[in-house]
Amino acid sequence: MMNFKYLSILILVALCCQCNDDDPEAFSLDQKLVIAQEDIIRLDIGQGDRYVEVQVLEITDSRCPSDLRCFRAGEAEVRVAVNGFQEELTLVDLCIGDCPQYNQGFREADTVEVTLDHTAYAVILSEVIPFPTTTNQSITKQACLRIITR
């Protein structure tokens with residue numbers, strides 16, 4: 001009878017301590033973020049309970065597979081939704097590789113500045129992984145991002 005009592009208490013404690021899978025994982029500013037499409041992460045911005053949420057909405061990868069020779073290098077494009085503590089959603093389009101639609105004037109395609117809650121942030125796309133090959137086209141892509149204050 002005593003074992004049943006301890007087992008019941010352990011199960012109750014385990015159920016109470018379970019993580020909520022609906023809560024986004026928390027990270028810090030200027031940390032490398034590896035985010036799959038549709039995933040949401042929460043950035044601690046060091047201001048109490050304030051945070052910035054980041055979601056990768058879409059990853060499009062038309063880069064030339066590394067095991068082929070192509071006429072054009074191609075590009076990887078990432079659409080990101082950034083949401084401040086009190087701000088509405090801001091959409092950010094980032095690109096690495098041969099990005100002719102973005103490379104106009106002095107705009108850098110891999111970095112976009114946004115202002116959330118009166119603070120300027122730079123959203124930086126460093127890479128999209130894995131790099132395409134002819135055999136890994138069905139593998140889920142992930143965007144490697146960094147968010148820093150300006």
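User: What does buried mean here?
Analyst: Buried means under 20% relative accessible area. The model is predicted.

User: Why is Cys144 called buried?
Analyst: Cys144 has a relative accessible area of 0%. The cut-off is under 20%. Therefore Cys144 counts as buried.

User: What makes Cys64 and Cys70 a disulfide?
Analyst: Their sulfur atoms are 1.9 Å apart. A disulfide needs the sulfur atoms within 2.5 Å, so Cys64 and Cys70 qualify.

User: Is Cys64 buried or exposed, and why?
Analyst: Cys64 has a relative accessible area of 14%. Buried means under 20%, so Cys64 is buried.

User: Why is Cys70 called partly exposed?
Analyst: Cys70 has 39% relative accessibility. Buried is under 20% and exposed is over 50%.

User: Why is the disulfide of Cys95 and Cys99 called left-handed?
Analyst: The torsion about its S-S bond is about -85°, so this disulfide is left-handed. The link of Cys64 and Cys70 has 80° about the S-S bond and is right-handed.

User: How many disulfides does a search of the whole structure find?
Analyst: The search finds two. With the bonded cysteines numbered in sequence order, the pairing is 1-2, 3-4.

User: What makes the charged end of Arg42 sit over the ring of Tyr51?
Analyst: That charged end is 4.0 Å from the ring centre. The distance limit is within 6 Å, so Arg42 meets the distance part of the rule.

How values were computed:
Residues are numbered from 1 along each chain as its sequence is written. This is a predicted model: local features need pLDDT of at least 70, side-chain atom pairs count only at pLDDT 80 or more; totals for chains, interfaces and linings use all residues. Side-chain values use heavy atoms; hydrogens and water are left out. A charge sits over a ring if NZ of Lys or CZ of Arg is within 6 Å of the ring centre and within 35 degrees of the ring normal. Buried means under 20% relative accessible area, exposed over 50%, partly exposed in between (1.4 Å probe, protein chains only).
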